[in-house]
Amino acid sequence: MPLKKGEGIYLRILNIAHRGYSGKFDENTMLAFKKALEYNADGIETDVQLSKDGIPILIHDETLDRTTNGHGLVKDYTLDELKVFRTKSEKNVQALKTDALDEMKLIKTKIVDESKFMETENIKKLNLSSENHNTSKIGAYTRDEIEYFQRKGGEEIPTLRELLEFVAHSDLKVLNLELKNSVIEYKGLEEKVLIMIDAYNLRDRVIVSSFNHRSLVKIRKLDEENNKFKRQASTKKGIILGALTESILVDVPRYLNDISVECYHPYFPSILNKAYILEIKSAGIKVNTYTVNELEDMKKVIEVGVDSIITNEIEILNSLQLSI
Ligand code: G3P
Ligand code: CA
């Protein structure tokens, strides 16, 4: 009998949706975050920056141009101004949408033609009966999703608050907030993010990560100072931090211990070495690797023993975990 999700040894591998379910939906949008949960991701990863008026918002690039119809630096726009822009799909997502929309048109035409003869039978054959009307797939998407694309012309840039509100009312296991502050040093970003995590009581489910390790050190210091003055300090857990890196480091356990960080977030090709990972995992460090989108690469990182996989393709990872 095939294993159900959660029954196999691969239960340990958390499936974290990179920028939401970005393999199929516009990255870093509320749609992509909601779809991550709907398609059974364990977690969501996203990128936090500040608007001109200091509001934490979720977008990957420092500029608006790749993912939205806006131009220029994110930091030069207030939240109200940013909310006017709409996302545009990346090429791969747009191709999936176009295929599904074409297929939908074809099905509709067929139904109209054939319905003259055997309407009921044909609808059954096309797998569009009333019971599975909304969840049956047409190409990569469900009928509901295609109808949604037909109605909408892109998504808004979400705020961190919108995402926290959603996660607080969900059973999502992990929310990985990456502070995008290696190129632009957003003043007050660390303070704001920390306060908001606690305002939504999400400390136990959040990992704050960054390529900017000085920023991680700053967060740890802020968190310790805040907790010193609070009555619940003795019971409150420290915020969980993750150090992002593309490099292979010499002594990861010592380095992470020195900067007081619990999780290692490496670029996946840098960890395909069992001895390297064993040394890190033996020190009790969680390894959450990014961004693994191909089935064969997923198998490789599972084999070396990672704890989580950050992926655009959450359905591929889930199918792998179900089939092993
Ligand atoms: O957090 C993992 C990954 O998102 C880091 O790289 O460039 O996709 O933000 P990037
Ligand atoms: Ca990221």
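Me: Hi! Which residues surround ligand 1?
Reply: Ligand 1 has His18, Glu45, Asp47, His60, Glu178, Ser209, Leu244, His265, Tyr290, Thr291 and Ile310 around it; a residue is near a molecule if its C-beta atom, placed from the backbone, lies within 6 Å of it. This is a predicted model, where local features need pLDDT of at least 70, side-chain atom pairs count only at pLDDT 80 or more, and totals for chains, interfaces and linings use all residues. Residues are numbered from 1 along each chain as its sequence is written, while chains are lettered from A and ligands numbered from 1 in the order in which they are written.

Me: How does that shell divide into nonpolar, polar and charged?
Reply: Three are nonpolar, five polar and three charged. Here Ala, Val, Leu, Ile, Met, Phe, Trp, Tyr, Cys and Pro count as nonpolar, Asp, Glu, Lys and Arg as charged, and the others, Gly among them, as polar.

Me: New topic: what does Ile44 touch?
Reply: Leaving out residues up to four places away in sequence, Ile44 touches Ile16, Ala17, Gly20, Phe33, Ala36, Leu172, Leu175 and Asn176. Contact means C-beta atoms, placed from the backbone, within 7 Å.

Me: And what about confidence, what's the mean pLDDT?
Reply: The mean is 90, and 88% of the residues reach 70 or more; pLDDT is the predictor's confidence in each residue, from 0 to 100. Over residues 1-9 the pLDDT is below 50, and that stretch has 10 contacts in the model beyond near neighbours in sequence. Residues 127-131 are also below 50, with seven such contacts.

Me: Last one: how many helices and strands?
Reply: The protein has 11 helices and 11 strands, taken as DSSP runs numbered from the N terminus (helices H or I, at least four residues; strands E, at least two).

Definitions and conventions: Contact = placed C-beta atoms within 7 Å.
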